Amino acid sequence: MAAQMSELWNQMLKAGLLKASGSDEPLNLPVPEFRRGMGVFTGNEETDLVEFLEGRKICGRARSHFPILEGYKNLPTLITNPETLANVPLIVANRGDWFAKKGSPSQPGTRLFCITGAVRKPGVYELSSRSTIEEALSMANQGRGDDGVRAVAPGGMGFGFLPAQSFQTRLDHLSLALANCSSGNGGFIAYSRELCPVELIFKHLQFFQEVSCGECVPCREGSIQLHAIFRALTDGKSRFQYERSCVRVAGTLPPMIQLVRDLVETIHLSARCGVGRQAVAGVRSLLDHFPQELDAHWIRRECPSQTCRM
Ligand code: SF4
C-alpha cells in the first residue's frame with residue numbers, strides 16, 4: 001500500500017493534477033513519505049503511531065500531552081484518519097457553515113458508522129451527529145427501529161455500550177460522553193436480546209488479553225485477571241477451579257464484584273496507552289447498566305439469557 005500511494009502521488013504530480021486553488025500552475029511538491037503500518041491492533045493507538053514513526057517498539061507512550069501538543073520528535077503532530085481528510089475538499093468547496101449545519105452544535109458535520117450485529121442491513125452509514133442511536137438502528141433495520149436489540153456499542157467494543165433505555169442518546173461526542181460511552185472508531189455494534197452481556201464481556205476480554213502488548217503491568221496482568229474472573233462467571237467448571245485456586249493462594253474467596261470494580265478502575269486510571277482503557281470500557285458499561293446480570297451469575301449461579309454453562 002505504501003508503494004502504491006507513492007506511485008499514485010507521482011502520477012498526480014506528472015499529470016499536473018496538484019494545483020493551488022485558483023491557479024493553473026502545477027505545484028512542485030516533494031513526494032511525502034508513506035510508511036506501511038505494523039498490522040497489529042495496538043498499532044492503531046495514536047501514541048503507538050508516533051513510537052512507530054520514531055523507530056521504537058510499539059507499546060504506547062505514557063502521555064503527559066496529546067500528540068497535537070507534543071508528538072513526533074516532541075513536535076506538535078496532527079494525527080488524523082481518512083474519514084476526516086475526505087471531508088476537507090467538501091468543507092473547502094461548500095464552506096464551513098454548510099458542514100456545521102449537518103451536525104450538532106458540539107460536533108459539526110457527519111460521521112461514518114459501520115453498523116454491524118443484530119440488524120437487518122449492516123453497512124457503512126453516514127449520519128448527522130444529531131442522529132440518535134434509535135435512528136441509526138432504524139436505518140440499519142430497514143425502518144423497524146431497535147427491533148430485537150438489547151444494547152449498542154456506538155463506537156465499537158472498546159468504547160463501552162448502552163442499553164435500550166438510552167437509545168434516544170445522540171451520536172455526538174458530548175452526548176455519548178455524558179452517558180459514559182464514546183463514538184470511538186464508529187464501529188457501531190448492535191447486540192441482540194438473546195445475547196448474555198456477561199458472556200459478551202468474557203469474549204471481549206479474551207480479545208484484549210490477546211492483543212495487549214504486555215508493556216505495562218495494569219493492562220498485562222489486569223486483563224489476565226479479569227479474563228479469569230469472567231471465565232469463572234460464565235462457566236461452572238472454570239468457576240470451581242478458580243475458587244479452588246483462590247482458596248489455595250489466599251485462604252479465602254475475594255468479594256468478586258468489588259474485585260472486578262477495583263481491577264477495572266485501576267486499569268482505567270493507570271494503563272499506559274488507550275488500549276488498556278478500551279479493554280475495560282465494556283466491563284464498566286456492564287457494571288453501569290447490567291449489574292443485576294453480574295449478581296445473577298455470581299450470587300445465584302444462573303444465566304438469565306440461558307447461554308452460559310453454569
Ligand atoms: S495499556 Fe496494554 S497495550 Fe497499552 S502499553 Fe500497556 S500493556 Fe501495552
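The numbered points below go from the whole chain to its parts.

1. Overall picture. Please keep in mind that this is a predicted model. The chain holds 12 helices and five strands, and its C-alpha atoms fill a box of roughly 80 × 50 × 30 Å along the principal axes. Of the 310 residues, 33% are buried. Among contacts with a separation of 6 or more, 54% join residues 24 or more positions apart.

2. Which residues have the most contacts inside the largest nonpolar core? They are Ala136, Val152, Ala190, Tyr191, Ile201 and Phe230, in a core of 51 residues. Two or more residues come from each of β1 (110-117), α5 (133-140), β3, β5, α7 (197-211), α8 (217-234), α10 (256-270) and α11 (274-289). Domain 2 and domain 3 each give at least three residues to this core. Take Ile201 as an example: leaving out residues up to four places away in sequence, Ile201 touches Phe230, Gly282, Val283 and Leu286.

3. Strand β3. This strand, residues 149-153, has five of its five residues buried. β3 runs antiparallel to β5 (residues 189-192), with four bridges joining the pair, and Ala153 stands opposite Ile189. β3 also pairs with β4 (residues 162-163), again in the antiparallel sense, over two bridges; here Val152 is set opposite Leu162.

4. Phe161. Apart from neighbours within four places in sequence, its contacts are Ala151, Val152, Ala153, Cys181, Gly282 and Ser285. For a sense of scale, Phe161 and Asp295 are 134 residues apart in sequence, while their C-alpha atoms are 19 Å apart in space.

5. Helix α8. From its first C-alpha to its last, this helix of 18 residues reaches 25 Å, close to the 26 Å expected at 1.5 Å a residue. Its buried residues are Cys219, Gly222, Ser223, Leu226, His227, Ile229, Phe230, Ala232, Leu233 and Thr234. If you look for what covers them, you will find α7, α9 (236-250), α10, α11 and α12 (291-298) included.

6. Helix α3. Why does α3 lie largely in the open? The number of buried residues among its 13 is zero, so α3 is left largely in the open. α3 covers residues 82-94 and reaches 19 Å from first C-alpha to last, close to the 18 Å expected at 1.5 Å a residue. Just after this helix, Arg95 takes a positive phi of about 80 degrees.

Note on methods
Residues numbered from 1 in each chain as written. Predicted model: local features only at pLDDT ≥ 70, side-chain atom pairs only at ≥ 80, totals over all residues. Buried ≥ 20, exposed ≤ 12 C-beta atoms within 10 Å, placed from the backbone. Pairing = 2+ DSSP bridges. Core = buried A, V, L, I, M, F, W, Y, C linked by C-beta atoms within 7 Å. Domains from an automatic or database assignment. Contact = placed C-beta atoms within 7 Å. Expected span 1.5 Å × (residues − 1).
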